[in-house]
Every structure is written in structure tokens, then in C-alpha cells.
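Dear colleague,

I am passing on a structure that you have not worked with before, and I would be glad if you kept it open while reading the notes that follow.

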Amino acid sequence: LNIILLCFNLFIPAYPLDGGRIYAASLMLVLKLKGQTAAKVTAITAMLISSGMIIYAVLSMLSKSAGSELLLGFVGAYVLHQSYELWTAAQRNALDSHPIFGRDCYQNAGENNNTSGNEGGVERTPVPAETDNAVLA
């Protein structure tokens with residue numbers, strides 16, 4: 001049962017599940033999409049997946065007795081609600097306070113923000129040339 005829950009949570013790219021968070025981060029960091037575009041793509045993908053979950057749950061409940069399909073329908077409704085909230089936040093351009101898209105590391109992920117040679121987010125101060133000569137002497 002735990003392995004099934006792990007696979008469901010991790011490998012289904014529907015926000016707010018972990019797979020959806022990985023999907024959103026990969027859209028921004030790998031495909032270099034801007035945060036607002038990545039949020040819209042993530043929300044649409046999650047809404048499609050959650051709609052499928054709800055339709056499957058309803059059809060399964062109509063054709064046989066209610067079982068785990070009821071839980072799948074509730075999870076689908078939750079995912080649909082959360083992805084709709086993400087969609088509306090992206091439409092309003094209000095992603096600054098979002099738990100994923102509002103983080104500093106994702107703010108300019110779709111842009112080329114490594115122009116200063118600053119890798120890993122560590123601030124480096126230049127060393128004056130006089131200090132280099134004094135150390136070498």
C-alpha cells in the first residue's frame with residue numbers, strides 16, 4: 001500500500017502532489033519557462049488529470065459499489081481546487097506569495113540570471129589586486 005501511495009504521489013504530475021511540484025520545478029529550471037507560464041502549464045495539466053480522476057471515480061461508482069473510487073474522487077476534487085487556485089494566481093500575476101513560485105530561487109528561473117558568474121547563489125566579493133600580491137610574496 002505504501003509503494004502505491006508513493007507512486008501515486010510522486011509520479012502523477014498534478015499540482016499540489018509531489019509529482020506536480022517536480023513538474024513545475026522542471027518546467028522552470030530545465031525548460032527555462034518563466035514562473036507565470038510554468039504555473040499556467042502546471043495548473044492546466046493538473047486540472048486535466050484531476051478531471052480524469054473525478055470522471056473515473058464517478059463512472060466507477062455508478063457501475064459498481066463504492067470503494068476506493070470514492071477516495072480517488074475526493075483527491076481529484078482537492079487537486080482540481082488547488083490547481084484552479086494556482087491558475088487564478090497566475091492570471092492575476094500574484095505568484096509572489098505562492099509556496100513554490102514565490103520562492104527566491106524560482107523568481108527568475110526562466111531567465112538567464114547567472115550573468116555575474118555567481119554559481120550556487122553564493123555571493124562572492126572581488127579581491128583587490130594588492131591583496132593578491134601581498135599573499136603571494
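A residue is called buried here when its relative accessible area is under 20%. Please keep in mind that this is a predicted model.

By that cut-off, the buried residues of helix 3 are Gly35, Ala38, Ala39, Thr42, Ala43, Thr45, Ala46, Met47, Ser50, Met53, Ala57 and Ser60, and what covers them includes helix 1 (2-11), helix 2 and helix 4 (68-91). Helix 3 itself has 29 residues, and from its first C-alpha to its last it reaches 42 Å, which is close to the 42 Å expected at 1.5 Å a residue.

Two packed helices are described by the angle between their axes and the distance between the axes. For helix 2 (residues 18-29) and helix 3 (residues 35-63), the axes come within 9 Å and cross at roughly 145°, and the crossing is right-handed. Helix 2 contributes Gly20, Tyr23, Ala24, Leu27 and Met28 to this contact, while helix 3 contributes Gly35, Ala38, Val41, Thr42 and Thr45; six of these residues are nonpolar, four are polar and none is charged.

The loop between helix 1 and helix 2 holds Pro13, which counts as partly exposed because its relative accessibility is 28%. Leaving aside residues up to four places away in sequence, Pro13 touches Gly19, Gly20, Tyr23, Thr45 and Ile49. The C-alpha atom of Pro13 is also separated by 6.8 Å from that of Ala46, although the two residues are 33 residues apart along the chain.

Definitions and conventions. Residues are numbered from 1 along each chain as its sequence is written. This is a predicted model: local features need pLDDT of at least 70, side-chain atom pairs count only at pLDDT 80 or more; totals for chains, interfaces and linings use all residues. Side-chain values use heavy atoms; hydrogens and water are left out. Axes are lines fitted to C-alpha atoms, for helices over the stretch in contact, and angles run from 0 to 180 degrees between N-to-C directions. Helices (H or I, at least four residues) and strands (E, at least two) are DSSP runs, numbered from the N terminus. A crossing is left-handed if the near helix is turned anticlockwise from the far one by less than a right angle, and right-handed if clockwise. Contact means heavy atoms within 4.5 Å. Ala, Val, Leu, Ile, Met, Phe, Trp, Tyr, Cys and Pro count as nonpolar, Asp, Glu, Lys and Arg as charged, and the others, Gly among them, as polar. The expected span of a helix is 1.5 Å times one less than its number of residues. Buried means under 20% relative accessible area, exposed over 50%, partly exposed in between (1.4 Å probe, protein chains only).
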